[in-house]
Amino acid sequence: MAARRSARLGALAANTNVAKSMAPPAPISRPRKRKIGVEEIVPADGDAGLASAPSTPQKRRAKKDTAPPPATPTPSVVGLMGESAGSMTPSRKPRPSAVNRLADPTLTNAVLLSPETSRVVASKTAEPISPSKVDSAGATTTATILEQACAHIIKIDARMKPLIDAHHCRIFSPEGLAEQIDPFESLASGIISQQVSGAAAKAIKGRFVALFADDDGAPAAQGTHRFPHPSQVAATSLERLRTAGLSQRKAEYLVGLAEKFTAGELSAHMLADAPYEEIVEKLTAVRGLGRWSVEMFACFGLKRMDVFSLGDLGVQRGMAAFVGRDVAKLKGKGGKWKYMGEKEMVEISERFRPYRSLFMWYMWRVEETDISTME
């Protein structure tokens, strides 16, 4: 009996084992996924190069550039027009004292030098005049022309008075009109300054002048030598001019300008006495000199007081603000920025003849355009 019981228990145990072997396997438990911080995967010695955290760069929306273009390229282009090569060093000569001369807003009021001889060129406005003649004839002179011009502008539009009271225009002051200008150097400096910053233009001009140091006997290290004569530039190869940092095109422009002066097509005498329209016609015929460059030269180099530039963005912006418009909301049309149409600019500026240069100067001041380098 004990044997039969033992057999039943053995059979039961065998059936149980078979059932267990046929049961499905238990599911494997896996840990939950979690984000791993960077500090958990960088080795203890701090060498992040051995491991890096997975990262997905976030897409940033590109911000639309709604800022307007620079108010005017004027400072970078004409900054050197009124600065002679000799004044580019700390040991420059003192400025000449102001001599009372006859002045005319429609003519050149600057003291011009002959580019070849550096001699003062006599012009219709270069004759000194005694105080007694001024009192008796009531003539316009370099000592009174700025005062007369400001009074005329305020008379035309009383809104100009706060601008005039706040800003002194040194360009047409007795001191400014006493400065001597080499027209070849002024025009060449304008070409050198095109499409570069003011600092770069000054450095290139310095190297350009140093190329001719052996011709005037001044050591290049001193940097006190004068600007080269047109005949010197015309006789210099383009390859040598380019060593000063000039582009091929600018080197060609400078040689072409020098040839115009050497041949007599341009001269200090002509620039001193010719009508404004003739000056514009002859200078814009020179490669590298557009109308805007000629207008800046006539204003800041020749000190002509009836020049007005329709293409200057700073003037457009200032005039738009002057008449009460919100210039920040003005948009360009056809891919070009225009703060005010040319027709309207002409209508407004014509009222300030024959002192439109001074009016233009104050339009730069309306929006505080930086024109300090032009003075």
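The model is predicted, and local features need pLDDT of at least 70 and side-chain atom pairs pLDDT 80 or more, whereas totals for chains, interfaces and linings use all residues. Residues are numbered from 1 along each chain as its sequence is written, and side-chain values use heavy atoms, with hydrogens and water left out.

Arg 356 is located in helix H19, residues 356–366, where helices are DSSP runs of H or I with at least four residues, numbered from the N terminus. Arg 356 counts as buried because its relative accessibility is 11%, buried meaning under 20% relative accessible area, exposed over 50% and partly exposed in between, with a 1.4 Å probe and protein chains only. Apart from neighbours within four places in sequence, the residues in contact with Arg 356 are Met 305, Asp 306, Val 307, Phe 308, Ser 349 and Glu 350 (contact: heavy atoms within 4.5 Å).

The second largest pocket holds about 210 Å³ of space. Of the 13 residues that line this pocket, those closest to its centre are Tyr 276, Glu 277, Asp 306, Arg 353 and Arg 356. A pocket is an open set of points on a 1 Å grid over the protein atoms alone, where a 1.4 Å probe fits, with protein on both sides within 12 Å along at least five of seven lines, and lining residues have an atom within 4 Å of a point. Helix H15 (residues 276–284) supplies the largest share of the lining, 3 residues.

Most residues other than glycine have a negative phi, and most peptide bonds are trans. The peptide bond from Arg 353 to Pro 354 is cis, with omega near 0 degrees, and Pro 354 lies in the loop between helix H18 (342–349) and H19. Lys 303, in the loop between helix H16 (291–301) and helix H17 (313–322), has a positive phi near 60 degrees and is buried, with a relative accessible area of 3%. Gln 195, in the loop between helix H8 (183–193) and helix H9 (198–210), likewise has a positive phi, of about 65 degrees, but is exposed, with a relative accessible area of 82%.

Key
Helix = DSSP H or I, 4+ residues; strand = E, 2+ residues; numbered from the N terminus. Points joined across faces, edges and corners; volume = space filled by probe spheres on them.
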